[in-house]
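Subject: Structure handover

Hi,

Here is the structure I promised you. Please open it first, then read my notes below.

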Amino acid sequence: EEEFKWLLQEEVHAVLKQLQDILKEASHRFALPTSGSGGAVQQENFVLSTSGTDQVKGVLTLQGDALCQADVNLKMPRSNQVLHFAFREDKQWKLQQIQDARNHVNQAIYLLMNRDVNYQFKTGSEVLKLMDAVMLQLSRARNRLTTPATLTLPEIASSGLTKMFTPALPPDILVNFYINLNKLCLTVYQLHVLQPSTSKNFKPAGGSVLHNPGATFEFGNQRYEVSHVHKVECVVPWLNDALVFFTVSLQLCQQLKDKISIFSSYWNYRPY
C-alpha cells in the first residue's frame, strides 16, 4: 500500500514531467523558430531526386507545415525535352499531415499539464485514464505522418495543387506532395488520353497513396491512363526526431500503465 501511494504521489508526477519535456521538444520541431527572428519559422530547402535517374528533380522549400516554394524539372521519356514548373510566388501549399500531427502533440501536452501543480492522484484508474487519453493523441500524431491520404486520380487532378504552378501544368501531368514517415515525397504522373473507341472495358482506379502505370480515370469528360509514374523523396531530419519522440513517449506511457495495473490487480485481489 505504501509503495502504491508512493507511485501515485511521486513516480506518476516524475513521469508526467518527463513526458511534458519530451513532447515540448517534439512540438518545437514542428514550429522550428529561428533564434533571434521574433518567432519566424525558418525555411528549409530539400532536393528530391532518385539515384540512377534524373527523370524528375524537385527543389522544395518547407516552412513549418507549408511548402512555400517548389521547383520541379521533368524529363519527358520520349523526347527528352525538360519541362520546368514552379509555384507561383503568391502561393503556398499546406501539408495537412504536419499541421494535424502538431495539433495532436499540443493536445497531448495540454492533457499532461491540465491540473494544479499540487494535484495528487487518488486512484490508479485515474492515471490509466490520463495515459490512455495521452496515448490516443500520440498515436494519432504518429499515424498522420506514417499514413498518407489515399486519393483517387480525379481528386489529385481537381486539387488546388494543380493550380499553383507557373507555367500551368499541362493537362497530361498530375503532381502530388505528401509526408510518409520522415520523408517529404513528390509524385509526378504522366498521362495519355484514351480514345473513346479503345475504352470499352474502362474501369476507373480507386483511391491509393501511389497509383501505378496503367491506372485509368475520367476527368472533365475525358478518359486518361497513367503512362509513367515518378516518385522522388528526401528525409526531413526534424520529422525523424518527432517520430522518435512519439515512440519514446508512448513507451513511457505504457510502462507507467503496466506498473499501475500490477499494483491495482494486487490491491484488488490481496488475501484478507
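**Two helices and a pocket**

Helix H1 (residues 2-31) and helix H2 (96-113) have axes that come within 9 Å and cross at roughly 155 degrees. Axes are lines fitted to C-alpha atoms over the stretch in contact, with angles from 0 to 180 degrees between N-to-C directions. H1 and H2 are therefore roughly antiparallel (an angle over 145 degrees). Helices are DSSP runs (H or I, at least four residues), and strands (E) have at least two.

This is a predicted model: local features need pLDDT of at least 70, side-chain atom pairs pLDDT 80 or more, while totals for chains, interfaces and linings use all residues. Numbering starts from 1 along each chain as its sequence is written, and side-chain values use heavy atoms, without hydrogens and water.

Now the largest pocket. A pocket is an open set of points on a 1 Å grid where a 1.4 Å probe fits, with protein on both sides within 12 Å along at least five of seven lines. Of its 17 lining residues (an atom within 4 Å of a point), the closest to the centre are Trp93, Ala149, Leu151, Asn176 and Phe177. Strand S7 (173-180) gives the largest share of the lining, four residues.

Best wishes

Methods
Parallel < 35°, antiparallel > 145°, perpendicular 65-115°, else oblique.
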